[in-house]
Amino acid sequence: VSALTAGRVEKIAVRPGATVDAGTVLLELSNPDVQLEALEAERQLAAAEAEAASLRTSLTSGKLQQEAELATVQADAANLTRTAAVIKALDEKGLSSTNEAAQARDQAAAAQARLKANTERLRIASASVREQLEMQNRQVERMRAIAKFQRERVASMKVIAGAPGVLQDLPLELGQWV
């Protein structure tokens, strides 16, 4: 029977000659360093989870803002395209100046270019959101694994019998470092 980590004997639950079942606690160890490492791992896990939630919120908010901006640009582009078509029709009938028609055409073209750029920016931002969230989720999973390992180390300081039988020997004393 062995523990996964070193510690000071705090409690001897059974003495040699006692009958034990598999899972019977034989002795309990303590090690402040192991316990501190477990607490630190839990703290880091909580921080990673909080960071993931914050990142998710900020990225979602940014994406929604870009979607709203895209909707505005789409409306402006459609409006300017309609205005250019009306002015072109008026120009063909001689009711508008050539300069006014050219200006409306240029504004509509610029609005279409802004629309294309904003659409691409939203596409890139959406892909970036997924990648950043995946990376943060992997970080949270790493922290979870570390915290689990540290909890197991703390739990291993309760030395248990691996099989039923009679405890033959336990050459340890309270306070001893093993």
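Asn 118 counts as buried, at 11% relative accessibility; buried means under 20% relative accessible area, exposed over 50%, and partly exposed in between, with a 1.4 Å probe and protein chains only. This is a predicted model, in which local features need pLDDT of at least 70, side-chain atom pairs count only at pLDDT 80 or more, and totals for chains, interfaces and linings use all residues. Residues are numbered from 1 along each chain as its sequence is written, and side-chain values use heavy atoms, with hydrogens and water left out.

Asn 118 sits in helix H2. Helices here are DSSP runs of H or I with at least four residues, strands are runs of E with at least two, and both are numbered from the N terminus. What does Asn 118 touch, leaving aside its neighbours within four places in sequence? Its contacts are Glu 69, Leu 70 and Val 73. Contact means heavy atoms within 4.5 Å.

Now take the helices themselves. Two packed helices are described by the angle between their axes and the distance between the axes. Helix H1 covers residues 32-92 and helix H2 covers residues 98-155. They pack at an angle of about 170°, with axes 7 Å apart. That makes H1 roughly antiparallel to H2. Axes are lines fitted to C-alpha atoms, for helices over the stretch in contact, and angles run from 0 to 180 degrees between N-to-C directions. Angles under 35 degrees count as roughly parallel, over 145 as roughly antiparallel, 65 to 115 as roughly perpendicular, and the rest as oblique. By class, the contact of H1 with H2 has 28 nonpolar, 15 polar and 16 charged residues. Nonpolar means Ala, Val, Leu, Ile, Met, Phe, Trp, Tyr, Cys and Pro; charged means Asp, Glu, Lys and Arg; the others, Gly among them, are polar.

Val 34 belongs to helix H1. At 1% relative accessibility, Val 34 counts as buried. Not counting residues up to four places away in sequence, Val 34 touches Thr 5, Gln 150, Arg 153, Val 154 and Met 157. The C-alpha atoms of Val 34 and Met 157 are separated by 9.5 Å, yet these residues lie 123 residues apart along the chain.

The largest nonpolar core has 14 residues. Such a core is a set of buried Ala, Val, Leu, Ile, Met, Phe, Trp, Tyr and Cys residues joined through side-chain atoms within 4.5 Å. Leu 26, Leu 27, Leu 29 and Leu 170 touch the most other members. Strand S1 (8-12) and strand S3 (25-30) each give two or more residues. S3 supplies the largest share, 3 residues. A second, separate core of 7 residues includes Leu 45, Ala 48, Ala 52 and Met 143.
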